Amino acid sequence: MEIIKGFSADPEGNYQLNVINFMKHAIRNFGRQEIVSRKIDGTLFRYTYRESYERMQRLANSLESIEVKVGDR
């Protein structure tokens with residue numbers, strides 16, 4: 001999968017506020033840290049930062065397969 005930088009955070013073209021950069025930092029420093037959220041039915045859903053990034057990659061690949069491009073709404 002190709003990582004798309006998205007839209008720059010400032011006029012100089014820096015991407016420091018990009019969600020991908022946040023996730024890369026979380027994976028690098030806290031990859032095995034557990035994330036816990038509550039589903040609508042009240043049960044807990046547990047996964048790690050690394051697993052969440054893998055899920056995001058699968059979503060990105062799915063969107064790419066139906067030809068969704070950067071900037072599409």
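The model is predicted, so local features need pLDDT of at least 70 and side-chain atom pairs count only at pLDDT 80 or more, while totals for chains, interfaces and linings use all residues. Helices (H or I, at least four residues) and strands (E, at least two) are DSSP runs, numbered from the N terminus. From the N terminus on, the order of the elements is α-β-β-α. The protein has 73 residues, and buried residues make up 15% of them. Here buried means under 20% relative accessible area, exposed means over 50%, and partly exposed lies in between (1.4 Å probe, protein chains only). Contact means heavy atoms within 4.5 Å. Among contacts between residues at least 6 apart in sequence, 25% join residues at least 24 apart.

Helix α1 covers residues 19-30. Its 12 residues should span 16 Å at 1.5 Å a residue, and its end C-alpha atoms are 16 Å apart, which agrees. The expected span is 1.5 Å times one less than the number of residues in the helix. The buried residues of α1 are Met 23, Ala 26 and Ile 27. Seen down the helix axis, these residues fall within an arc of 95 degrees, so they line one face of α1. The arc is that of the directions from the helix axis to the C-beta atoms. An α-helix has 3.6 residues a turn, so residues three or four places apart point the same way. His 25 also has its place in α1. This residue is partly exposed, with a relative accessible area of 41%. His 25 and Tyr 49 are 24 residues apart along the chain, and their C-alpha atoms are separated by 9.9 Å.

Helix α2 takes in residues 49-65. It has 17 residues and reaches 24 Å from its first C-alpha to its last, close to the 24 Å expected at 1.5 Å a residue. What covers the buried residues of α1 includes α2. The two helices, α1 and α2, pack at an angle of about 145 degrees, with their axes 9 Å apart. Axes are lines fitted to C-alpha atoms, for helices over the stretch in contact, and angles run from 0 to 180 degrees between N-to-C directions. The crossing of α1 and α2 is left-handed. That term applies if the near helix is turned anticlockwise from the far one by less than a right angle; clockwise gives a right-handed crossing.

On the α1 side, the residues that meet α2 are Ile 20, Met 23, Lys 24, Ala 26, Ile 27 and Phe 30. Their partners in α2 are Tyr 49, Arg 50, Ser 52, Tyr 53 and Met 56. By class, this contact has eight nonpolar, one polar and two charged residues. Ala, Val, Leu, Ile, Met, Phe, Trp, Tyr, Cys and Pro count as nonpolar, Asp, Glu, Lys and Arg as charged, and the others, Gly among them, as polar.

Ser 52 lies in α2. It is buried, with a relative accessible area of 11%. Leaving aside neighbours within four places in sequence, Ser 52 is in contact with Met 23, Ile 35 and Tyr 47. Ser 52 and Met 23 are 29 residues apart in sequence and 8.8 Å apart in space, C-alpha to C-alpha. Arg 55 is also in α2. At 41% relative accessibility, Arg 55 counts as partly exposed.

Strand β2 spans residues 44-48 and holds Thr 48. Thr 48 is buried, with a relative accessible area of 18%. Leaving aside neighbours within four places in sequence, its contacts are Gly 31, Arg 32, Gln 33, Glu 34 and Ile 35.

Glu 67 sits in the segment after α2. Its phi is near 65 degrees, a positive value in a residue other than glycine. Glu 67 counts as exposed, at 61% relative accessibility.

Conventions. Residues are numbered from 1 along each chain as its sequence is written. Side-chain values use heavy atoms; hydrogens and water are left out.
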